[in-house]
Amino acid sequence: MSTSVRDGVLDTIGGTPLVRLTKLYPDLHFSLYAKLEALNPGGSVKDRPALEILRRALELGEVGPDTVVIESSSGNMGVGLAQACRYHGLRFVCVVDPNTAAQNLAVLRAYGAEIEYVHEPDPVSGEFLQARLDRVRLLCRRYPSSFWPNQYENPGNPGSHYRTTMDEIATALAGRVDYLFIATSTCGTVTGCGRYVRDHGLSTRIVAVDAVGSRIFSDEKAERWVPGLGAGIKPPLCERELLHDHVLVTGLDCVVGCRLLARREAILVGGSAGGVVSAVSRLRDSIPRGATCAILLCDRGERYLDTVFSDEWVEAKFGDVSGLWADEPREVLWAARAG
Ligand SMILES: Cc1ncc(COP(=O)(O)O)c(C=O)c1O
C-alpha cells in the first residue's frame, strides 16, 4: 500500500477504499463490495459535496474572507462544511434542531462552527427541515455577506459524486457494477452516481435506499430517527428516471444491518449504512448469480454508540431483538476468512 504526502486535510477527501465482503452473508451467490465513506477525514460521504460546493464558491468569488457560510444540517453535511470552512478560515453557522445528536454538536463546535437552534417544527408541514430552511433564509438576510451552500439544490452536491464517488467505484471494478445500493436524503449521491452511469453507458442498476416515513418515494408518515436517511420534502435533486429500484427500510432494519456488519465484517458504520445492508438482504433473491454488487456505507459508527450500538437503547425502542443478529460461531467466521 503506497502512501503519499497530501496538500492539507481537504486533499484527503475521497479515494475511499472499496472492500470485498465475504463474511456478511457467507452463502451469497454474487460478489459484494462496500465503499467505506467513513474513511473521509470528516467521517462521512458528505465531505465530498461540502468540499466541492465551497471550492466552487471560492473560485467564483461568491465566498470571500468576510463571508458567513450558513447551512441547515443535522449531521454530516454540517461536519463536512465545518471542516472545510475552518480550513479556509471562514465563519460557519450550522442550523440544527432538537433531533441533532449531542455528539454531532460537539464535533461541530470542535471545528469552531457556530450553532443556531430551531426549536419548533414548521407549523404547516410539521417538519423541522422546513423550519431550518426558513431560519437559514432569515440569517442570510441578516448578514451583509453570506453564502448558503443549499445542499438540497446546489449542483455541486450531485456533481461531487459524479466526478469522484461513482468514478472511483467504476474504475475500481473496471466498469462492471451490476447493482449499486445508495442511501438517500438530499439525493445528491444517487443523482450524481446515476448521471455518471447514464452518461458512461454503464449497465449498473441504482437501488435507492430510503427510510419508511420519508417523503422521497412515499407520502406515508412515520417516525424517522436514523440521521441522514430520508427527507421531509421531495428533494429537487431527485431524478426518478435515473433510479432502477428503491427499498424502504425501518429503524430496526438499520440497527440489524449495522450490528451484522460489525459482528461479521468488523466494520463499524452508521444507521443509514445498516439500512443499505438490510436492503441487500431484502433484494438478494432477485439478484442474478455471479452479479457484482456495491454498497455505499455513508458514515462512521462512533456517533451511533448511544443509539444503534447501545443494547439498552435498542431494547427500549424495539424490545428484545438481539436474536436478529445472533453471532455466527467464530469457527464459521474463521472458515469464511478471505483467502
Ligand atoms: C449518514 C448519511 N447517509 C446517507 C445520506 C444521504 O446522502 P444524500 O444527501 O446525498 O442523499 C446522508 C446525507 O447527509 C448521510 O448523512
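Okay, let's start at V276, which is found in helix α8; helices here are DSSP runs of H or I with at least four residues, strands are runs of E with at least two, and both are numbered from the N terminus. Before I go on: this is a predicted model, where local features need pLDDT of at least 70 and side-chain atom pairs count only at pLDDT 80 or more, while totals for chains, interfaces and linings use all residues. Residues are numbered from 1 along each chain as its sequence is written, and side-chain values use heavy atoms, with hydrogens and water left out.

So, is V276 buried or exposed? It's buried, with a relative accessible area of 0%. Buried means under 20%, exposed means over 50%, and partly exposed is in between, using a 1.4 Å probe and protein chains only. Leaving out residues up to four places away in sequence, V276 touches F181, I182, A183, V209, I295 and L296, where contact means heavy atoms within 4.5 Å. Y179 is 97 residues from V276 along the chain, and their C-alpha atoms are 12 Å apart.

Next, the largest nonpolar core. It has 43 residues, and L21, L24, L32, F181, L261, I295 and L297 touch the most other members. A nonpolar core is a set of buried Ala, Val, Leu, Ile, Met, Phe, Trp, Tyr and Cys residues joined through side-chain atoms within 4.5 Å. Elements giving two or more residues to this core include β7 (179-183), α7 (251-265) and α8 (271-283). Apart from this core lies another one, of 28 residues, with L129 and M166 among them.

Which side chain does the side chain of R48 make a polar contact with? That's E168, at 3.0 Å. A polar contact is a pair of N or O atoms within 3.5 Å; within protein, one must be able to donate a hydrogen and the other to accept it, and residues adjacent in sequence count only if both atoms are side-chain atoms.

Last stop, the ligand. Of the 14 residues around it, N76, S185, T186, T189 and S272 come nearest; near means a heavy atom within 4 Å. A polar side-chain atom of T189 is 2.5 Å from a ligand oxygen, and a polar backbone atom of C187 is 2.8 Å from a ligand oxygen. Taken alone, the ligand exposes 390 Å², and the protein buries 96% of that, with areas from the Shrake-Rupley method and a 1.4 Å probe; for residues, only the protein chains shown count as cover.
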